[in-house]
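Open the model in your viewer with selection by residue number ready.

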Amino acid sequence: MASMDFDLSPKSAQKLFEGEGGSYYSWSSSGFPMLGEQKVGAGKLVLPPRGFALPHYADSSKIGYVLQGSDGIVGMVLPNSSEEVVLRLKKGDVIPVPLGALSWWYNNGDHSEEVVIVFLGETSKSFIPGEFTYFFLSGGQGIMGGFSPEFMSRAYKMNGKEASKLAKSQTGILLIKLEPGVSMPQPNNKIAEKMVYNIDAALADVEVNGGGVFKTLTAAKFPFLEEAGLSVNHVRLEANAMHSPSYTADGTFQAFYVASGAGRVQVVGIGGKRALDTRIQAGQLLVVPRFFVVAQIADSEGMEFVSILPTTSPTIEEFASKKSVWNALSPMVSQIALSVTPEFEEFFRSNMQKTTILIPPTN
């Protein structure tokens with residue numbers, strides 16, 4: 001079998017832009033080739049109070065996960081819609097951003113708390129595989145300033161001076177800071193539950209004393225995810241607990257962002273080769289190729305991570321729990337495959353019946 005080498009080392013984001021209105025961080029496919037190979041993208045937005053991300057659309061569908069803050073606001077115009085929807089965001093919220101949707105983001109707080117949002121998405125239609133490309137309507141890199149005065153004048157029925165004012169008045173780039181007292185549109189609380197899902201407050205799919213909490217979010221629970229074509233997992237591991245080995249059986253990647261804490265991760269891939277064995281910590285991104293098997297063990301501080309899969313109905317197979325593929329095999333087949341005695345195979349099988357995908361530390 002041909003050897004295939006993968007650099008799966010988790011990476012931290014690089015600062016792409018910083019200004020008075022906030023910062024944007026990105027993972028580059030040039031520095032993180034696995035992003036391009038698996039067609040996954042990621043970025044992080046940091047907004048101080050009154051920080052405003054100018055209206056834009058992108059070449060990728062993604063989800064935003066709010067890491068910090070309680071006064072976030074997003075305005076969104078979905079494709080084939082003529083209506084702006086304004087939504088309030090707080091820590092733990094998941095908000096899908098469909099391909100081509102127009103959006104702006106704002107920290108409506110008047111104190112020192114930043115709003116921090118990590119974006120994870122798939123880039124199969126992007127200009128640069130593994131990266132999000134944004135198209136801003138206005139500002140120093142905006143579309144309005146890209147057209148000539150003649151085109152702007154005719155498009156908006158203005159004279160040259162008026163067209164220049166329209167195109168050039170906003171000199172900010174990407175992120176700006178608004179003056180105090182600006183009255184922004186009020187969030188629509190009635191539609192919020194259809195477009196925003198607080199995964200922190202959701203009931204657990206699996207909860208194990210000493211192990212942690214596992215939550216999965218699919219279009220079946222949150223139909224708006226269908227618009228982005230993604231699903232989300234959220235895992236909080238207790239101190240020294242384990243997220244047992246698993247893999248995607250439907251040919252999709254997994255992208256993990258560590259929200260807090262730290263731990264150790266191992267990935268096993270082609271030919272039974274251990275493709276990764278390293279420490280991972282808050283702020284780092286890990287991309288696991290399709291069919292590769294991944295497992296994590298938290299440090300003494302515990303670990304929390306959120307992951308996406310580019311499908312609305314993921315198929316994840318477990319290796320070491322009561323849902324393990326080993327348990328689906330007949331005892332004789334397992335015995336032959338592992339070359340063990342019937343007694344040891346029974347011992348192996350009975351141990352798996354006692355665990356879930358979250359495994360507490362051994363005493």
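In this predicted model, the largest cavity holds about 30 Å³ of space. The count is one cavity of 30 Å³ or more.

Select Phe256, Val258, Ile280, Leu286, Gln296, Met303 and Phe305, which line this largest cavity. By class, the lining has six nonpolar residues, one polar and no charged. Now colour β19 (254-268) and β22 (293-309), each of which supplies at least two of the lining residues. β22 gives the most, with three residues.

Next, the largest pocket. Its volume is about 510 Å³. Select Leu16, Tyr24, Phe132, Tyr134 and Phe136: among the 27 lining residues of the largest pocket, these lie nearest its centre. Then show the strands β2 (14-19), β3 (22-26), β5 (51-58), β10 (102-107) and β12 (134-136), each of which supplies at least two residues of that lining. The lining of the largest pocket divides into 17 nonpolar, seven polar and three charged residues.

Last, move to the second largest pocket, with a volume of about 380 Å³. Select Phe214, Ile316, Glu318, Lys323 and Ile357, the closest to the centre of this pocket out of 21 lining residues. Two or more lining residues come from each of β16 (212-217), β17 (231-237), β18 (242-248), β19, β22 and β23 (316-318). β19 and β22 are already coloured from the cavity stop, where each supplies at least two lining residues. Which classes make up the lining of the second largest pocket? Eight of its residues are nonpolar, nine polar and four charged.

Methods. Residues numbered from 1 in each chain as written. Predicted model: local features only at pLDDT ≥ 70, side-chain atom pairs only at ≥ 80, totals over all residues. Heavy atoms only, no water. 1 Å grid on protein atoms, 1.4 Å probe; cavity = no way out; pocket = protein on both sides within 12 Å on 5 of 7 lines; lining within 4 Å. Points joined across faces, edges and corners; volume = space filled by probe spheres on them. Helix = DSSP H or I, 4+ residues; strand = E, 2+ residues; numbered from the N terminus. Nonpolar A, V, L, I, M, F, W, Y, C, P; charged D, E, K, R; others polar.
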